[in-house]
Amino acid sequence: MTRQELTAYMESILPADRDAMDAARRRQAELAKPPGSLGALEDMSIRLAGVLRTARPEVRRCRVTVLAADNGVVAEGVSCAPQSVTVQQAVNMTRHKTGMSALAAYFGDQVQVVDVGIRTPVPCPQVLDRKVRFSTGDIAVEPAMTEQQALDALAVGLDLARQAKAEGIDAVGVGEMGIGNTTTSAAVLAALTGASVEEVTGRGGGLTDRGFETKKRVLRQALALHHPDPGDPVAVLAAVGGLDIAAMTGFILSAAQRRMLVVFDNGVTGAAVLLAHALQEKVTDFVFPSAAYNEPVHQMQMTYLQMHPLLTGAGKDDQGMGSVLGLSLLDAAVQLMHDKL
């Protein structure tokens, strides 16, 4: 993919259908219930109508797509878990051995796990091989990737959503797996918004006080080294992002272009939404944040994007589990538009 092709793609994305949303509001008024009694589900059903261009939307098939990649910045001591966890969890997801995949199986959602940058070969044919490179660089001393690699990772996501639509998927949840990606997502947020390192940095999977200070130092070092331009999201990705974040960004753009519903959950997937929004503001018509997490990066993303998570009380994510829960709420919202109450 080239920058010109990416620009043309972004320009093809249309906003949600306002006429369908107005019709959905009228439909809500016909239901035998007090106005507004179902809260966020009512708002969601109206949004769905705009996305799918009908006052009575249907969501028949759902898929959670997890983009997996490693991050070279782990070498700086920013994570409490070894990088081997990335490939282990990617494989476990295909066997319904994680919270996300077990819950997806219960709800009948498909799970797709994609290797876009794991640092080792993956000994599992069920993990889709779309590797752009073996891990990113250490952003404290070098760019995460080249600009062309960032574009290639975006193209992986674009193609995955295209395939999902062709296979009859109506709604997608986006997930991630990559040790160290709370550092890269914090770097992306700081680069795009100008927020300070203190504002965007969380403890990830459970850093000690010493590890937490290391993480903030590394983020300051990376941002000072690269000076990523907030007006150029592709350059931000190449400088301080991750292959998982880049692929998720492309996935969200492509899903919006094809009028598919997208549910996301944590601060890492939120970084991809933020980048997609920076590339094309209309994508936020098509995305739903599933849960409120305690990470500062996620809370800041919600404020910046003016979004309100569907669920509260969630502590930490489980590589897409929030997206699975969000998809189940989408199903409930759809039923509002078809059944009399």
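Arginine 203 is partly exposed, with a relative accessible area of 32%. Here, buried means under 20% relative accessible area, exposed means over 50%, and partly exposed lies in between (1.4 Å probe, protein chains only). This is a predicted model, in which local features need pLDDT of at least 70 and side-chain atom pairs count only at pLDDT 80 or more, while totals for chains, interfaces and linings use all residues. Residues are numbered from 1 along each chain as its sequence is written, and side-chain values use heavy atoms, with hydrogens and water left out.

Now look for the partner of arginine 203. That partner is aspartate 209, and the two form a salt bridge with their closest N and O atoms 2.9 Å apart. A salt bridge is a side-chain nitrogen of Lys or Arg within 4 Å of a carboxyl oxygen of Asp or Glu. Side chains of opposite charge can pair when their charged atoms come close. Aspartate 209 is exposed, at 56% relative accessibility.

How many salt bridges does the structure hold? There are 12. One of them joins the side chains of arginine 18 and aspartate 285, at 3.0 Å from N to O. Arginine 18 lies in helix α2 (residues 18–30), and aspartate 285 in the loop between α12 (267–279) and β6 (287–289), so the pair ties together parts that are 267 residues apart in sequence. Helices (H or I, at least four residues) and strands (E, at least two) are DSSP runs, numbered from the N terminus. Arginine 18 is partly exposed, at 44%. Aspartate 285 is buried, at 17%.

Next, find lysine 131. Its side chain meets that of aspartate 115 in a salt bridge of 2.6 Å, N to O. Lysine 131 sits in the loop between β3 (128–129) and α6 (147–166), and aspartate 115 in strand β2 (residues 110–117), so this pair ties together parts that are 16 residues apart in sequence. Lysine 131 is partly exposed, with 21% relative accessibility. Aspartate 115 is buried, with 3%.

Salt bridges can also link up into a network. Arg3, Glu147 and Asp232 are connected in this way.

Finally, turn to a residue in a helix. Threonine 249 is found in helix α11 (residues 243–257). Is threonine 249 buried or exposed? Threonine 249 is buried, with a relative accessible area of 0%. What does threonine 249 touch, leaving aside residues up to four places away in sequence? Its contacts (heavy atoms within 4.5 Å) are Leu154, Ala272, Leu275, Ala276 and Leu279.
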